[in-house]
Structures are given as structure tokens and as C-alpha cells.
Protein chains: 4
Amino acid sequence: MISFTCDYSEGAHPRILERLAQTNLEQLPGYGMDHYSISAKDKIRAACQAPDADVFFLTGGTQTNSTVIAAMLEDYEGVVSAETGHIGVHEAGAVEYTGHKVLTIPGHQGKMDPKELEAYLEAATTDPNYEHMVFPGMVYISFPTEYGTIYSKAELTQIHHIAAHYGLPLFIDGARLGYGLMSPACDVTLPELAQLCDVFYIGGTKVGALCGEAVVFPRGNAPKHFYTITKQHGAMMAKGRLTGIQFDTLFTDNLYFDISRHAIDMAMELKQLLKEKGCEFFIDSPTNQQFIVLENSNLQELGKHIAFDLWDRVDQNHTAIRLATSWATPAEHIQALRNLL
Amino acid sequence: MISFTCDYSEGAHPRILERLAQTNLEQLPGYGMDHYSISAKDKIRAACQAPDADVFFLTGGTQTNSTVIAAMLEDYEGVVSAETGHIGVHEAGAVEYTGHKVLTIPGHQGKMDPKELEAYLEAATTDPNYEHMVFPGMVYISFPTEYGTIYSKAELTQIHHIAAHYGLPLFIDGARLGYGLMSPACDVTLPELAQLCDVFYIGGTKVGALCGEAVVFPRGNAPKHFYTITKQHGAMMAKGRLTGIQFDTLFTDNLYFDISRHAIDMAMELKQLLKEKGCEFFIDSPTNQQFIVLENSNLQELGKHIAFDLWDRVDQNHTAIRLATSWATPAEHIQALRNLL
Amino acid sequence: MISFTCDYSEGAHPRILERLAQTNLEQLPGYGMDHYSISAKDKIRAACQAPDADVFFLTGGTQTNSTVIAAMLEDYEGVVSAETGHIGVHEAGAVEYTGHKVLTIPGHQGKMDPKELEAYLEAATTDPNYEHMVFPGMVYISFPTEYGTIYSKAELTQIHHIAAHYGLPLFIDGARLGYGLMSPACDVTLPELAQLCDVFYIGGTKVGALCGEAVVFPRGNAPKHFYTITKQHGAMMAKGRLTGIQFDTLFTDNLYFDISRHAIDMAMELKQLLKEKGCEFFIDSPTNQQFIVLENSNLQELGKHIAFDLWDRVDQNHTAIRLATSWATPAEHIQALRNLL
Amino acid sequence: MISFTCDYSEGAHPRILERLAQTNLEQLPGYGMDHYSISAKDKIRAACQAPDADVFFLTGGTQTNSTVIAAMLEDYEGVVSAETGHIGVHEAGAVEYTGHKVLTIPGHQGKMDPKELEAYLEAATTDPNYEHMVFPGMVYISFPTEYGTIYSKAELTQIHHIAAHYGLPLFIDGARLGYGLMSPACDVTLPELAQLCDVFYIGGTKVGALCGEAVVFPRGNAPKHFYTITKQHGAMMAKGRLTGIQFDTLFTDNLYFDISRHAIDMAMELKQLLKEKGCEFFIDSPTNQQFIVLENSNLQELGKHIAFDLWDRVDQNHTAIRLATSWATPAEHIQALRNLL
């Protein structure tokens, strides 16, 4: 059965598997000291136009979020996130496990509102009891968000500015970064995004890799001994070649962007199809995740033919579902869905 | 240059890469729910003759050690290890980071002495101040040890018995398990080892896989919600297919054991060669890691031709080095070394 | 200047100081092994009509909350609290520091609604992604709440029942327990409260003691090695006599209840006075904390004569303030306020 | 029965109880904002001749050790201690609970050897694998040590110098500080000690107070937000007056030093008596803890008349015991012991 359940259903882009096979018997040092990792970091610096950037490869998204957050916060600090942020909901408490509170502000289709962020930070830092409270120590946003939405360049600029005003770094969770950057609605480039935050990551797991995320500290501003911190948090790959070769491939000949654009093309076709069929949209998403509202009676019928993700209960009779495309979605899958509907 | 530095210099066994390529575009659920992971677990249960075993795939060795230990200890407990145990030395404090002390007893060429373990546990549990001290909550050994040595079946039986007597689970770190089991000096089988402990892992990273370790709770005795604990500790692979397919391949047609035996064959050839050349051995290791003592003046010369690991300072003029073979070591490498010496 | 700022402005009830002085040079064992601590525990068991109860004396409220919560939760669990609960707001992240998330549900004048608790627990335990989320592992309420309100016996029964239905212990933060039990609006006795939860504490710091809280596990259900856990969390007093003698005094001749009733008498007089003066109440509190709304222009004037706590911004022109009485409030303070208004 | 078991058998110096009684009904702000705490801090600064010092009052020794260490270490750092250091042995794993390893070097009658410290730090920071290991982040010593011994000024200078050379702060655990400073063998003054470290504490619990330790950062070098950190670690007293008044009293009219000298006078009398009686000393201690070796057959007999602490098993037939004096030891206790022996 065709699955639109998520964007990590398939393995890796075939070019990655080829490179892994070609290089397989080369004897290489571990822990990211191999020349593929070094080359991949250079290519990422070039793509970000951030020649001083510190780049690290970590095993996955949860690991990256909890490692980066713990590395950048003091013990008495928490991370500010929209209440729907992945770190506060679906990471099994991995952030709290490192001792830090996720401080939530409202989410609007997955996004925080810069004004609400500012009001929150102003209140938190002027509260007469603030010394008895968790200090905001970092701002976390996801790009695209868990709801497929993206921040505009103006919004990113505002959030970065507000965070900086209160002395806080801005961290962008880019688990699906490519799908945000290649969206027709996106008005920010990778180099611009790198300038508008203090740390972000380029998601591999959901964008063509078997595993791995590339953390970028754009101005060479990695916390001291981030390498050791990564190991301590269980986010380090012993055979660093595995992430190094994958990212080296993804950042050769524009592959990361091309396959991201393909996912978006498929998503836009899907969206158009759903519109034509008169589907009600739960969110107007410009990226690879599309959300529609179904009558519960239709859920089961559709579920016989394709796989999708149950997203949210809308009311007694309606449910929101998610249909995701990815770098691997073939045009035939959309066509099959068209035939089905 | 030929490297004998360690046993994770190459990628993966070619059969693994083939399987990854063959299955690459299958759409599979994440987080270990895919049928390859399920099949791999069944094969591991069969190989262990432990039909009730709980099996989990984690990303790497450090992750496995810190996750298993934290999952099985109460907050006020520590883990007893030989002072040379990997968890106490080379894991960047990952165990302490989860709140637990590593309680050390002497190491004898990497092994703990059952009698010393017993004396330690007896003293710790009868100390008049024990309520102000860290309680021993688990015994940790590695098989083979960090020094290439292995425990005999009699020793494992004793240690397991002693641990059980004090109510403690025994955890065997099997990062190099295959290289221990296939050693000519080994008198224990995998099913026996599974019976002689409460949890162990089958190392993948150092024995043919790109990454991943298989944790086995042999009597279905996994801690409650170990799956969630794994995620919380950053030890879970989102694309579970990556570890599932690798272990499914390693446990098909005896591959894991065959490639481990190959490493041992190469190690024994290497050892024989070193003996013939009159090398002084630092340890008499029966597994894939061989340790010899060199005059410092010879270190640099040898280093021009092959890569190896500096192990320990012996005295002012002598250094112990490690030469490791692996599943990937070709006979030509040993031959080349022969020509060199 | 007279202060109504809080209920820990004075030292200790004079009878406590007398006992400390009388017993001062007795040589006693430390860490709660002294006979005063033992006697105090017996008296508390008697007052709770809980002969099997485990009783422990900890240093303060924050220490007690974080120690009890960490001791009773598994690593992957969080504690469910009203969003206004002390543990989620004013404890400097002490709960998260031990690795646990505070899972919040709405607060209604400081109280959680049993129906909302039930709906939350039902949703959390049936969420298809629950294994990727923090598990609810305990329910926390305060009695009285941070807003001076109290739960009825019916509400406590419901909450306890719901928590038990989902396998969760109920923890009652009794930092101000006496002021709740002695409220005219209270329909639950101490023995009943002990039956309606799994652990609670009898606040000393705010009810007549210099420091210290008495944690009660009413059915002998203390977590294993709670003594050591207490030490590990920094909640143990080396000279256990200090808390032992204090609680022994408080639970002799009904002192704890008498001084609590005095605080309530003073609070009800204060409330009556504020009503007579036409003050607008922010909350209708039946305990020792009274909350009124003032025009901002009046804040400063009142502040010249008495001290109080700024509680909340109501709107641009109004602020809620808190006036607290305690075991130490003399009738003259109320009279002085009457003269002032 | 007379007890020489430890130095915290009695309550507080009577002058402290008087001050607590005199000030009892003053309404004071909590959390150390009261004027007694402020005055006490000033007096401590004066006694240390450290006008810029940051001073904080914490609840007890374990709390102080774990809070100071966690506050000053980065996540990837551990604290270097003699293997007999209190933090590594008798604090129930409180340091590890905050995520930090205690890195041990040999203890020589409780003291570390500066040369061994230097060799350890040199090895640790030049180890080719140091990025996979716990970084030394602080040096911890106790003064006097757990064995009653003290460092000379020359040794403190060396240790401080070595620590500084490797970029590490030196932390002196002064749980029994007075008993060290007043020893006839001590050649360092409080102001000198304050100059020879980066943080230390003045023990109250064992030197005349009911509870409380005064942490001093002698050059105003407290970690940012140490106040909040203290609360988060459960080391803060809500009624700060309790510690404030105690330390204000102890540092008025030289009381802290006078009562410490009394303890030493009693200890020296005790030592002389034991010498006269031909006792074998386990350690030649110049402070308030005296250690002698007894035949096991004599243990029980002596235990019928006085209480003491079993310290260590010497051999099959001999046991070392500890006899401690304190600020509260009356001359009659020594006389009684004389009569007994």
C-alpha cells in the first residue's frame, strides 16, 4: 500500500548508497576525523556562505535537539518554544532529562508570534520573583514547523532581534530544512537563515539520508568542547564516515536542494489534487506536509487504500490527517491517489 | 597506509550494503516497527536460544551503555566495573551524566576478579555508613575486555552468581562480542552467555555494521518502557530499518560469526608473526586486539609504514601499542606487515 | 512597618525555641536517628491515624517537592499539576533539574478540575504517539493552593480515584497544610486527607517552624531507600534534632492545629475588614492568604504603611495584591490595618 | 553515656539560641534578604579580609558540596579529589546525581599530594583520547581532611598554583574549617586561605550552628545566578534568618574562632591522655578528630562506657576508632575518660 504517512519511510537517496559502497573498504579514522566528514563540513560552510561556521554531524533529530539545548543553556535556564514545538511534545522528555524546562508560549499553526515572544521575555525578566523561576536561556523554533508552516524572513529577523535583545541565542530546528527552503512561499535563503540565528541544523534523516543531522554554528560560535558534549549525550556516531559521506553527497551538485524541491513539487501537486477534490484543509501548508479534515466515516475507507497519519481530533465527527511527501515520493504515488479519489 | 589502529576503520560488510540497496525504496514504518527489525530480533532470539528475550537496536556503544545502565539502576545506585572498564574511562562521563557513579574495583588485564567483586559487595552492603554511600546496583563487565582478554565460563558463572546473590543484575558489554565468542580460548557459547547474565549487547559497530548494537534482555526482562527510555537517552534510530536490516543480515547464514572468526584468524596469524619476530607482548590476548611493547625509538619507524594505536607508557623507553584486526582485515595486510618486519 | 507579605516572616513558635534551648546540650545522633525525631514521627502517625505511615523530615518545601517527585517517578515520567502549581512556577526549575517534566493542565483559582484531569490522563494514555511522549507518573496538588483555595473532600476523593485508576500516586503539597485544615470551609480532616492520597507533607516552615517539612507516606509506602534519596537530593538535615524537636513540639498538645486556627481567625477578621471597607476581592479565599484588587494609584499609598505582596497585574490600572496572616500574626496588626483604612 | 562519636552531637552554641529567641518575632524577608544575613556576610568578608567576596548561606555540607561543584563545572567536567574525599565517599552520590564524575587521585592520610595532582592533570590534559574522557574541571580538597589532617600553607600554595596552571578553580571544603585554623599545627590564617583558593566554605553545622554553611567566593567570583542555582539544588533556606542570625553570631566577638580553639584544646588534652595511656595512634591528627587503634577484644568493653565511631578495620584483630571533640565538649568529658582508662 502507498504510504504518505511521513517523510522518513524510505532509505537514502540512491547516490548516497552508491558512495557508501564505493568507499566502503577505505580505512578511515572514526568520530568524524575522516576526510569525507571534513569535506562535507566545507561544503556546508560554502552552502551557508559561512566560512567560519562550526559544523558537527549528530545521529538524529531528538539527539540534536537535546544536545544543542543542553550545551547552550546554563543549569538554571530553560528553552522558550511554541507549545507545539517538537521538543516539548514528541521527544519523550529528552530535554527535561538533561535538566532543562521547556518554557512554552502559544503556537499559531506551529509558529510563535514575535510579539508574544517579546511580551513573554519582558515579563519573565522583570518578574519580581524571577530569581525563583526558570530563566529563559534560548529561543527554539522549527523551520518548517511541525504543522508545515514557515516563518518569513521578516519574522525570522524579528525573532532573532528580540532574542538577541534579551541576550538569548536563537536555535532553528531544521529537521525538514530543505522542505522549508524549497517551498514557493519561502523568502529566505540558506545563507540568510544562517545569519538570522545562532545555531541551526540541516536535517538529513527526513531529507534523503539514512540518519544524521548537520549542526551549524554559523559564526564559529560552538560551545567549548561541543565534540565531547556530543559524545556524552549519546549523539555521536562512532563511524563518522556514515554521516560524513551522506552529507558530502547531499551537498555535492546541489543534491540536498534538488531532492527537497522534488518533495515540494510532489506536495504542491498533492495539494492541488486535494483542492480539486474539494477537501477541507486543516492548515494551508506550503511545504511537504499537507493536512486535511476528513469525516470519520471516510477515514477507514481511505485507510484501506493508502497510509496516512492521524493528526488531530477536530470534532466528534471529523479528524485531521497528515499526508507527507518526501525526496522519495514518485509522481506515480500522486497519480494513484488521484485515481483513488 | 595499512591501518591496524582499530576495528571500526572500514564501512560495513558488503552483504549489508547490498541489502540496504535492495530494500531502499520500500516504504517502512520508523522506530523499529519495520519487518526487518522484527525479523532480526527473531533471528537473534534464535541464535541466543532465548525465545522470550527482549531485543532492541540502539545507535552505538556509548549510547547503549549509558541507556542500559540508567534504565536498570535506581537513582541512588551505581554500577560496579573494573577500573579499566570502558564506561569509567572513555565515554566522556556519559554514565555520570545520567546521575550514576561508576564504582570501580581493580582490573586485571581488563578483567575483574570474582573474589574481589564479592569482597567489594560484601563490604559495601555491610558498611555501617552504607545509607550515606552509593549503593551497588549492577555489575558491568566487557566481553572481550578493553585489553582483549575474555572471561571463562567458570568465571562468568561465578560473577553472575555473586551478582545475583547481592540482588544485582549482570550487564555484559559486547561491543566486540563476536571477537570474544570466536576466540580459540573461548569456552562459552552465545546461548550460554545469554543465560549467564541479565542483559548484554551484541556489538554491530565493531563487527561488520555501519552502526548499531543489539541489546538483549534474555529472559524477557527489559525494564518497563525501555523503548521510550531509549528515545529519551538519544539512543534510538528514527529509521529503524537501518539497524534492523543490518542485524537481519548479520544473523542470516551465520554471517556475524563467520566474519568474527575471520578477524580472529587474522589476529592469530598476526600474533604468530609477532612472536616469530621476537616481539614482547604487553598482554597475552586471545582475541582481535594484540598488544606489544616497543622501544620508543622503534615507534616512529614502524609508524611510517603502518598505523596503530598507542596504548600505554610502559617505562621511560618503552610504549605498549595495540594492533587490531577486524571482519575486514584482508590476509594481505598481515602479509604486508610480515614483509615489513 | 507591619508586614502581611507572607507567612514566613517570623521565626518559630516560642515553645519550639524553648524546647531547642532545653535540649541543646543533649548529645544526640545525627540524621534523624535521635529520640525526638522518633517521637515526632510517632505523634504524626497518631495525628494522621496512620499507624503504618513512613514519616521523614526534610529541610524545606522546594527540597521536599523535588525529592518526593524524583523518588516516585520513573525516568520517563512527568508529574501532572495545575499550571499554577508551585512546582511549575516558583521553584527555579528544581523538578526539571532532576530530569522530570511538569505536565500542566488548567488551574482554576489554583485548583485542578477532576474532569479535566481525567480527560488529560485519558488522552495522554491513549495517544497513538504516547511512547514518544512524557508519561504522566504522578498527580500533584497543593492544599491549600497557591491562591488560598482548598479542595473539598468530594474533590479530593475524585482526584485520588482518577489518579489511582490510571495507576498514578497522588501527592499533596501541604506547605500550608494547617491553614487549609483549620479553614471554616474545610470539610476534610488530617486522617481523611492521609487516606485520600499516597504521599503528602505537613508544612513546618510556614506553620510555626524555623524550617522543615514532614513527609508522610500514609500506608508505609515510602520508596525504597528514601532516606538515601533524601540525602542525595540535599534535602536532609545533618542535625536531625532540629526538625525532630520542632515537629515533636508542633504535634504536642495540638499546637500545630491551634496556631493554624489562630492564623485563620486572623485571616477571617482581615477578610471581614476588607469587605467592610468595600475592597474588591481577586479570589474568595477561605484560608490565610487574602487577595484583593487595588487601583494602581492606591498601591503606593498603602505601601507606605504596610508591606504586602504584589500578586498579579489585573489590567492597566489595577493590580491584585496578597495579604497573608500566619501563626504569628497578632490581633494588633489587624487592628492597625483597620485604623489605617 | 558520654559520646565522642562526632562533632555534631549537640545543638548550637547558647549565644546563637539567645539571638534566635531575641529576634524571633521580628518580621523579616525570606531567602537571605534579611538584615542579619547581610550583616553576617559583612562580618565574614571582614574576617576573610576579602571585601569583594560573594558570600552565601546554604543548608548543609552535602548541599554545599554538590551545589558549588555543579555550579562551577561545565557538563563535561569532573572534580578532582583525593580518593578519601567526602564527596566521593559519603555523600550518597549527590555529586554524580548532578551529572559530574569525581575523579580520584591517591589520598595520603586524607590529603592529596601536589606532585600527584600535577602528574594527574598533566596526563589527563595530554591524553590522546582526552576528548573521550571526563575533563578535570575543578580541584577539591577538605581542610581539615576527613582524617583530621591539614595542609600547610606551602602545600595549599602549591595546589592552588597547579590548579590555576591548568585553568581549574580550587574548592576547599571547610565543614570543619575552624578546627583546622585553630590547630597548633596550622600555619595559615583565614585571610590567607581565602587567597589560596577560588571558593571555600566555613562550616557551621559542625562548629557551633544548628545548620548552615557559609560559601565564600573570595574575589567576587561567584558563578552567575548562584542564588537561583542554590534554590534549584535544594540548598536554600526559606527563612534565611536562621542561617543569617547564626553566622552573624558566630562572627561576632570572635566566637567562631574561640569555640573552635576550645574544641582543639579538648582534643589536645584527649590526645595527650591517649598517649599517656600508651594507645597506638592510627593517624597523628592535629585537629579535633583523634584516631587510635584498639584490639577488637577491647572495643566492646570501651563501648560500654563511652560512645565513639568505628573508623576502619586495621587487621583481623584490630580496629581503628575515632574520638571527636567539638565546641561543646566539656572538660569533664575528658576527665571522665581519664578516670575510665
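Through which surface do the copies, chain C and chain B, meet? In this predicted model, 100% of the interface residues of chain C are also interface residues in chain B, so the copies meet through the same surface.

**View 1. The contact between chain C and chain B.** Chain C and chain B each bring 15 residues to this contact, and together they bury about 1,700 Å², of which 54% lies on carbon and sulfur atoms. Helix α10 (residues 226-232) of chain C gives the most to the side that touches chain B, namely 5 residues, and that side of chain C is made up of 7 nonpolar, 4 polar and 4 charged residues.

**View 2. The contact between chain B and chain A.** Here 48 residues of chain B are in contact with 48 residues of chain A, and the two chains bury about 3,800 Å² between them, with 56% of it on carbon and sulfur atoms. Q27(B), Y97(B) and K239(B) supply 20% of the area that chain B buries against chain A, more than any other three residues.

**View 3. Polar contacts and elements between chain B and chain A.** Between these chains there are 0 salt bridges, but 30 residue pairs in polar contact. Among the elements of chain B that each supply at least two residues to the side touching chain A are β1 (2-3), α3 (61-72) and α11 (241-250), while α1(B) provides the largest share, 4 residues. By class, this side of chain B has 24 nonpolar, 18 polar and 6 charged residues.

Conventions. Residues are numbered from 1 along each chain as its sequence is written. Chains are lettered from A and ligands numbered from 1 in the order in which they are written. This is a predicted model: local features need pLDDT of at least 70, side-chain atom pairs count only at pLDDT 80 or more; totals for chains, interfaces and linings use all residues. Side-chain values use heavy atoms; hydrogens and water are left out. Contact means heavy atoms within 4.5 Å. Buried area is the accessible area (1.4 Å probe) that two parts lose on being put together, summed over both. Ala, Val, Leu, Ile, Met, Phe, Trp, Tyr, Cys and Pro count as nonpolar, Asp, Glu, Lys and Arg as charged, and the others, Gly among them, as polar. A salt bridge is a side-chain nitrogen of Lys or Arg within 4 Å of a carboxyl oxygen of Asp or Glu. A polar contact is a pair of N or O atoms within 3.5 Å; within protein, one must be able to donate a hydrogen and the other to accept it, and residues adjacent in sequence count only if both atoms are side-chain atoms.
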